[in-house]
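Work through the exercises below with the model open. Try each task before reading its solution.

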Amino acid sequence: EPLSQPDIAPQTGVTGTPDFAYRMTGDAPWKPMRVYREAGKTFIQFPPGGINAAPRLVVVAPAGKTTQDYTTIGDSYVIPRAIDDALLIGNEAGSPQIHITHGGTK
């Protein structure tokens with residue numbers, strides 16, 4: 001029955017349409033190639049070999065319930081929710097950081 005069916009209009013970043021509206025600031029040899037959200041998840045994709053540096057991920061907004069709220073799949077960190085603000089921090093003292101923000105400039 002057509003009138004009782006849910007609305008399946010695509011929403012960017014929620015369904016299968018990737019949302020690339022992320023901005024990265026900072027520089028590091030392991031800086032991600034891109035960050036995007038799709039199907040309610042956020043993907044941080046590193047260049048070949050970049051994920052081997054294993055930078056720490058700190059999700060600033062929205063705050064998560066666990067300290068490691070992501071999995072590693074191939075060359076990407078996959079966060080099981082949409083994030084708006086995050087930091088990638090190198091493992092050594094004084095290491096560079098990459099600030100990731102979604103949407104407009106901050």
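**Exercise 1.** Find the side-chain partner of His102 in a polar contact, then describe the setting of His102.

*Solution.* Start with the polar contact (N and O atoms within 3.5 Å, one able to donate a hydrogen and the other to accept it; residues adjacent in sequence count only if both atoms are side-chain atoms). The side chains of His102 and Asp19 are joined by one of 2.9 Å. Is His102 buried or exposed? His102 has a relative accessible area of 19%, and buried means under 20%, exposed over 50%, partly exposed in between (1.4 Å probe, protein chains only). So His102 is buried.

The model is predicted; local features need pLDDT of at least 70, side-chain atom pairs count only at pLDDT 80 or more, and totals for chains, interfaces and linings use all residues. Residues are numbered from 1 along each chain as its sequence is written, and side-chain values use heavy atoms, with hydrogens and water left out.

**Exercise 2.** Classify the ring pairs Tyr36 and Phe43, and Phe46 and Tyr77.

*Solution.* Rings of Phe, Tyr and Trp (its six-membered ring) pair if their centres lie within 6.5 Å; planes under 30 degrees apart are stacked, over 60 edge-to-face, the rest tilted. The whole structure holds 4 aromatic pairs. Tyr36 and Phe43 lie 5.0 Å centre to centre with 15° between the planes: stacked. Phe46 and Tyr77 also show 5.0 Å, but at 70°: edge-to-face.

**Exercise 3.** Explain why the pair of Phe46 and Tyr77 ties together separate parts of the sequence.

*Solution.* Phe46 sits in the loop between β3 (41–45) and β4 (56–61). Tyr77 is in strand β6 (residues 76–79), so the pair links parts 31 residues apart in sequence. Both Phe46 and Tyr77 are buried.

Key. Helices (H or I, at least four residues) and strands (E, at least two) are DSSP runs, numbered from the N terminus.
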